[in-house]
Each structure stands twice: as structure tokens, then as C-alpha cells.
Amino acid sequence: MKICVAGEGAFGTKHLDGLKNIPGIEVVTLAGGVAADTEAVAKKYGIAHWCTDLAESLARPGVEAAILATPTPIHARQAIQCLEAGKHVMVEIPMSDSLADAERLVAAQRKAGKVAMVGHTRRFNPSHQWVRKRILAGELRIQQMDVQTFFFRRTNMNALGKPRSWTDHLLWHHAAHTVDLFMYQTGEPVSVLHAIQGPKHPALGIAMDMSIQMKTPSGAICTLSLSFNNDGPLGTFFRYICDNGTYIARYDDLVDGKDKPIDVSKVDVSMNGVELQDREFFAAIGEGREPNASVAQCLPAMRVLDRLEKCLLAQ
């Protein structure tokens, strides 16, 4: 299958690394935002064609699908562009930075009839898969998820240490991971929620600290703390407090409440969550089915984010 990858930054290269391990997939074109960086990444990964125009990449001969790892503010627009061009699309999390755009994207997918998936990597990390399998087997029930998402971003720089052309957001990007995962793992909607945020950065215009609480109808709760002010350690840590054990997940790794490592190497065919989500995307295309983390499946999380935003604006 010939595909397009859009985005020459940190997450675009994570996809390119993962795609090397998936048989039958050929990246034939790379669409980027900065010409020099796009050319360098294309050369590094042996991609014959590169450009700074997504439409040009989508029009390349034989291209059937696209993976979008581009700035958040253009996710929905570009995903709709791919669908309207007749291409399957996976767009990185979040699918949009507003509920209205998310709903437009879901409507576009239904009209096009193509596979449209969101990069909700936490659904695919072996650590979270291990917990989910035990929940589905009736061996675990979540009492609380306690999650910390901590970064140090007082300037508008990306994960590669380069200036961003857009501004990241704690709610619409980073909280989206946990909001979706909480509902996915509990199998329930969010019935009660609350959110508060700290002062906005004078230059970036975004809140640098945020606290979110959620509850499901059965009583499971989630406590999520997010910060761009945290000077290490960095990343996201998920603590599952269950009726039968406590487990701490950090990306693809998992330990129990006593910090004993749990072997998750046999959970799936890879230990790379990004690669696993890409594999699901192409499997769904090949099998003509809805993928795990389809845009429709992820829309409820966007509705919760919209409710949380309204809660923050009301303060």
C-alpha cells in the first residue's frame, strides 16, 4: 500500500520508524511544513517525493492513505481534505481543537465511507492493553485512575527543541489522551466532571497548569493533573487503582504498586504503541472494518473536553 505521511516533526518521525516494521507499506511521499526539514527527513528515510503541500502528496500516483502528524489546529481540516480526496486517514491526537470541528470530521468520514482513525496511542500501548485484557476478563475493576501529565514548556518549542509554528494545549491535546482512556478502560461515559486551571502564560496565552476530575455512573473516578511548568521528570504516568491490585503505566512499560515490572512483551506483536496503532489502521483498511479509535469512537471524548472547556471558561 502506497501512503503519504504529513509532518516532518517528532511524531512524524515516530510514525516513519514504526512503519519500517510493517510489511506491505510504502511511504511514497512526505508533506511537511518547513521545506529544509522536510527534505532532510525524506532523505533520511529514503522517501522519493517530498513537498510542503498536502494536496500535492495526496495526488501522487497510487496513494491510498495518509497519516497526519501535523499541527493540532489543522488536524480536522486536513483529515477532511484526505477523506474528500478519497483517501483513508489517520490523524494524530487530537482530531481537532473544538467539538464542532470533530463533529464535522465524523460527518465527513460517514459521507466518504473511508477508514478514519485518531492516534489515541494509549489504547495500543502494551501496558494499557494488559490492563484492559484483565478488565475484560473480569479480573480487574477500576476504582480510580490517577494520572500526571508533566512537561516543561515555558517557551513555544517542540519535542525536538525547535520553535513551534503553533501553540500546544493541555486540555485539547494532552487531556484528550486520559479522557478517552478513562472511558475506554471503564467502558462508561463521564457523568460528573470538574476542572480548574492556573494563570495563563503572558506570551503563549494558555494555562500552564490544570486539574481535572471525572466520575462514571458506576463510581469510578479519574484525577488528572497537567502542567507545562514541571521541570522533570517529564511524561505521563498512569496509576490504575483497582479492586485487585495497583498498576502504574508509563507509555509501553508497566509495574505493579510495589514497583515490580510486569512483562508485557507478549501482549502484542510489538512493544511500540505508535507502531501498533499504525498496524491497526492498515489492518482495518485491509479488512474493510471500523478501526479501534475510529473518529466516531473518539467523538465522546471530544464532547467531554468541550464540557471541561465550558467549566474552565465559567470560572
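Visitor: How many residues does the hairpin use to join S11 to S12?
Guide: Welcome! This is a predicted model, and we can start with strand S11, residues 235-242, and strand S12, residues 245-250, which run antiparallel with five bridges joining them. Ile241 has its bridge partner in S12, namely Thr246. The hairpin that joins S11 to S12 passes through a link of two residues.

Visitor: Which residue in the turn between S12 and S13 has a positive phi?
Guide: Let's follow the chain onward to strand S13, residues 253-256, which pairs with S12 in the antiparallel sense over four bridges. S12 and S13 also form a hairpin, with two residues between them. In that turn, a positive phi of about 55 degrees belongs to Tyr251.

Visitor: What is the bridge partner of Ala249 in S13?
Guide: Happy to show you! S12 and S13 are paired through four bridges. Looking in S13 for the residue bridged to Ala249, we find Leu254.

Visitor: Are helices H6 and H7 roughly parallel or roughly antiparallel to each other?
Guide: Helix H6 covers residues 126-136 and helix H7 covers residues 170-186, and their axes lie 9 Å apart. They pack at an angle of about 30 degrees. Angles under 35 degrees count as roughly parallel, so the two helices are roughly parallel.

Visitor: How many charged residues are in the contact of H6 with H7?
Guide: On the H6 side, His128, Val131, Arg132 and Ile135 meet Leu181, Tyr184 and Gln185 of H7. The residues of this contact divide into four nonpolar and two polar, and the charged count is one.

How values were computed. Residues numbered from 1 in each chain as written. Predicted model: local features only at pLDDT ≥ 70, side-chain atom pairs only at ≥ 80, totals over all residues. Heavy atoms only, no water. Pairing = 2+ DSSP bridges. Axes fitted to C-alpha atoms, helices over the stretch in contact; angles between N-to-C directions. Parallel < 35°, antiparallel > 145°, perpendicular 65-115°, else oblique. Contact = heavy atoms within 4.5 Å. Nonpolar A, V, L, I, M, F, W, Y, C, P; charged D, E, K, R; others polar.
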